[in-house]
Amino acid sequence: MDKGILQKWLKAGLVYEGQLQSTTAGTPQGGVISPTLANVTLNALERDLLAHLEERFGRTKTKKLKVNVVRYADDFVITGDSQETLGNVVRPWIEAFLAVRGLQLSEEKTRITHIDVGFDFLGWHFRKYSGKLLIKPSKKNAQAFYRKVAEAISNNKTVRQEELIDLLNPMLRGWAQYHSPVVAKQAYSRMEYLIFRRLWRWSKRRHPNKGVEWVRKKYFHALGSRNWVFAIPMPQSDGSMGLLDLYDLPGTEIRRHNKVKGAYNPFDPVWEQYGEELRQGRMAHSMRYRRQWATLYLSQGGLCAHCGCALTDETGWHDHHLVYRMLGGSDAFSNRVLLHPNCHQQVHAGNIAVTKPALQ
């Protein structure tokens, strides 16, 4: 670890309400640098643990132990073939590794469990059911999110319906999209039901002298195949009337996570093309970025910026940065062009300079 850099971060101070406050040690809870410092502090944990096991048991037996480390900042999970391996070999080494860095395991959060019982990690519950691994939103995470939504509804008893929808939608969308790579449909439906009950109480409380049917017609509407949708009629840009509705949790599309190559380094220009392809895959589901691709496509006249041939659905296309992002290139239109996938590979393999086509 570069202790000089670490010391500078710990004593850099923090800005609170526009005022710089000095710090002599530590970082504020939830500070943006905390995960980075955790990664710096725990760097080499995975590599050194593997080296320790190979030195003690040999390479062949180490592979049979099936010890693997998955770490996210200061949270990590270590898997192994037996409880004895994890309890008698791995845990003592981890405790010694942390002690050198002035850290220790949290007794409350640390436990050894069987995969058939399962464990929570990063808001998800990992467990094997009849030999099949399923990852679901953890109960603790769902309960914490529901309390947050319930508190938001309770604290806004008198606001207009559209204001409450605008307040809740980003919360619901963010939670749903975080869990979209896992088995979350059941959790979505359960959360929608709990939130519906809260919103129904919120609606009835505002009109204690009105009947149930009157309250339902005022605050809940049918939208497509969905009934009892918390929504309000709102004028659209074309002058027609539409519905501003609450985010549809069960309607969130489940998209399985594609594993990123372990050797991928986002700061190594050798991996630039791979990073661009990862970014394009993430952007494919965003309407905002689809509009960007359409703008790039029109600005190039529908032609590849390298070979000059047509870009079609059959050929496909890749979003290429003229100045690599790893070298400081921006995401601005002036620094991006569309290329055929094969042309994209040739450009990176041959380090070929591509020119931005003139706007016709």
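Author: Before we start, contact here means heavy atoms within 4.5 Å. Helices (H or I, at least four residues) and strands (E, at least two) are DSSP runs, numbered from the N terminus. This is a predicted model, where local features need pLDDT of at least 70, side-chain atom pairs count only at pLDDT 80 or more, and totals for chains, interfaces and linings use all residues. Residues are numbered from 1 along each chain as its sequence is written, and side-chain values use heavy atoms, with hydrogens and water left out.

Reader: OK, let's start with α10 and α12. How are they arranged, roughly parallel or roughly antiparallel?

Author: Axes are lines fitted to C-alpha atoms, for helices over the stretch in contact, and angles run from 0 to 180 degrees between N-to-C directions. Angles under 35 degrees count as roughly parallel, over 145 as roughly antiparallel, 65 to 115 as roughly perpendicular and the rest as oblique. Helix α10 (residues 272-283) packs on helix α12 (residues 341-349) at about 150°, with 10 Å between the axes. That makes the pair roughly antiparallel.

Reader: And what sort of residues make up the contact of α10 with α12?

Author: For the classes, Ala, Val, Leu, Ile, Met, Phe, Trp, Tyr, Cys and Pro count as nonpolar, Asp, Glu, Lys and Arg as charged, and the others, Gly among them, as polar. From α10 come Glu272, Gln273 and Glu276, and they meet His344, Gln345 and His348 of α12. Sorted by class, that contact has no nonpolar residues, two charged and four polar.

Reader: Is glutamine 273 buried or exposed?

Author: Glutamine 273 sits in helix α10 and touches His344, Gln345 and His348, leaving aside residues up to four places away in sequence. Buried means under 20% relative accessible area, exposed over 50%, and partly exposed in between (1.4 Å probe, protein chains only). Glutamine 273 has a relative accessible area of 17%, so it is buried.

Reader: Now α6. How far apart are its end C-alpha atoms?

Author: The expected span of a helix is 1.5 Å times one less than its number of residues. With 16 residues (139-154), α6 should therefore span 22 Å, and this agrees with the distance between its end C-alpha atoms, 22 Å.

Reader: How many nonpolar residues does the contact of α6 with α7 have?

Author: The two axes come within 10 Å and cross at roughly 170°, which means that α6 is roughly antiparallel to α7. On the α6 side are Asn141, Ala142, Phe145, Lys148, Val149, Ala152 and Ile153, and they meet Leu164, Leu167, Leu168, Met171, Leu172 and Trp175 of α7. By class, the contact has one polar residue, one charged, and nonpolar residues numbering eleven.

Reader: What do the buried residues of α3 pack against?

Author: In α3 (residues 45-57), the buried residues are Leu45, Leu49 and Leu53. They fall within an arc of 65°, so they line one face of the helix. The face turned away from the buried side has the exposed Arg47 and Glu55, while the buried residues pack against α4, β3, β4 (75-79) and α5 (83-100).

Reader: Which residue with a positive phi follows α3?

Author: α3 runs for 13 residues and reaches 18 Å from first C-alpha to last, close to the 18 Å expected. What follows has a phi near 90°, and that residue is glycine 58.

Reader: What is the phi of lysine 66?

Author: Lysine 66 lies in the loop between α4 (59-65) and β3 (68-72). With a relative accessible area of 57%, lysine 66 is exposed. Although not a glycine, lysine 66 has a positive phi of about 55°.

Reader: Last one: which residues does phenylalanine 126 touch?

Author: Phenylalanine 126 belongs to strand β6 and, at 15% relative accessibility, counts as buried. Not counting residues up to four places away in sequence, phenylalanine 126 touches Ile115, Gly118, Phe119, Phe121, Leu133, Leu134 and Ile135.

Technical notes: Arc of directions from axis to C-beta.
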